[in-house]
Amino acid sequence: MCGIAGFSLGHGSSVGGTLAARALLAGIAERGADAVGYAHRGPSESIRVTKLRGGASALFEDLTLPDSSSTALIHVRDFTKGHPEIQANNHPIRHAGVVGIHNGVIENDDAVLRRRGIDRAEPEMTVDSEAIFALMHLRRHDPRSLSELQGAMAAAWLDERDERTLFLARGRLRPLWIGRNGSDLFFASTRRALAIVEAIAGTRLHVREVSEGRFLRVEAGQVVSERRFRPGRRYRETGYLPPVRTPREAVSCLERLAALAPSAAA
């Protein structure tokens with residue numbers, strides 16, 4: 001189990017990107033502590049990635065976005081495949097021009113890459129999530145390609161070839177929530193993370209859970225298209241996944257967040 005979150009801010013947004021990113025990180029901090037990372041970009045900018053070993057608290061104060069950044073991806077990792085000692089295995093993952101984050105398991109990643117003739121972005125990479133972003137790079141974000149994957153998935157990604165769009169997809173067995181106000185869209189693995197954004201940023205969000213088998217394109221805080229795809233059905237979860245992996249990480253980040261915005265913590 002991992003945690004994913006992020007946002008797309010619209011033109012004239014009143015929400016500060018750094019504060020929103022820290023609120024989202026605090027909201028998903030309890031979901032993994034093997035690695036933490038984020039990616040961001042603004043109009044006409046390349047995607048910038050920062051990641052390190054450890055939990056959310058190790059990165060919290062250093063998570064600072066330029067004022068120009070309008071889109072962000074945030075991830076905490078509880079790894080399954082692809083040891084976190086190899087930095088390329090940690091999220092956000094870059095495959096060619098696609099940078100993405102994933103919560104779940106892809107059990108046929110090696111078979112998909114081999115069948116498609118796709119090489120790993122780096123020779124030492126073994127992380128299963130790369131198959132998602134390799135397919136999206138190859139197939140230009142055709143959601144039908146996601147049906148090739150067997151596993152559990154909620155994912156988000158950006159593409160250097162398309163500076164306007166945030167891509168979101170939910171397959172099976174992993175949650176994905178979105179919250180929208182008039183100008184911005186936020187997403188996260190849990191509804192609670194979006195409630196933290198509401199409290200810290202002083203905004204009201206219309207919140208809904210994304211249905212399984214949905215693919216969304218988001219531009220400047222607006223969902224410009226939502227399509228269906230058929231997730232693979234062969235994968236079966238073999239054990240109980242506790243909703244909280246690292247409670248101390250959540251407590252630490254929430255305390256620091258409250259110190260940044262005392263009125264929101266009252």
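Visitor: Which residues line the largest cavity?
Guide: The lining of the largest cavity consists of Ile106, Leu146, Leu149, Gln150, Gly151, Ala152, Met153, Gly171, Arg172, Phe229, Pro231 and Gly232. A cavity here is a set of points, on a 1 Å grid over the protein atoms alone, where a 1.4 Å probe fits but cannot get out, and lining residues have an atom within 4 Å of a point. This is a predicted model, in which local features need pLDDT of at least 70 and side-chain atom pairs count only at pLDDT 80 or more, while totals for chains, interfaces and linings use all residues. Residues are numbered from 1 along each chain as its sequence is written, and side-chain values use heavy atoms, with hydrogens and water left out.

Visitor: OK, and how much space lies in it?
Guide: The largest cavity holds about 70 Å³ of space, where a volume is the space filled by probe spheres set on grid points that are joined across faces, edges and corners.

Visitor: Which strand gives the most to that lining?
Guide: That is strand β7 (residues 151-159), with three residues; strands (E, at least two residues) and helices (H or I, at least four) are DSSP runs, numbered from the N terminus.

Visitor: How many cavities are there by this rule?
Guide: The count is three cavities of 30 Å³ or more, and the second largest cavity has about 60 Å³ of space. Among the residues lining the second largest cavity are Cys2, Arg77, His91, His102 and Ser129.

Visitor: Switching to helices, how do α2 and α3 pack?
Guide: Helix α2 (residues 109-116) and helix α3 (residues 130-138) pack at about 25°, with their axes 9 Å apart. That makes α2 roughly parallel to α3, a term for angles under 35 degrees, as over 145 counts as roughly antiparallel. Axes are lines fitted to C-alpha atoms, for helices over the stretch in contact, and angles run from 0 to 180 degrees between N-to-C directions.

Visitor: Which residues meet there?
Guide: Asp109, Val112, Leu113 and Arg116 of α2 meet Ala131, Ala134, Leu135 and Leu138 of α3, contact meaning heavy atoms within 4.5 Å.

Visitor: And what about α1 and α5?
Guide: Helix α1 (residues 17-28) and helix α5 (residues 247-260) have axes that come within 9 Å and cross at roughly 150°. That makes α1 roughly antiparallel to α5. On the α1 side the contact is made by Leu19, Arg22, Ala23 and Ala26, and on the α5 side by Ala250, Cys253, Leu254, Leu257 and Leu260.

Terms used:
On a 1 Å grid over the protein atoms alone, a cavity is a set of points where a 1.4 Å probe fits but cannot get out, and a pocket is an open set with protein on both sides within 12 Å along at least five of seven lines; lining residues have an atom within 4 Å of a point. Angles under 35 degrees count as roughly parallel, over 145 as roughly antiparallel, 65 to 115 as roughly perpendicular and the rest as oblique.
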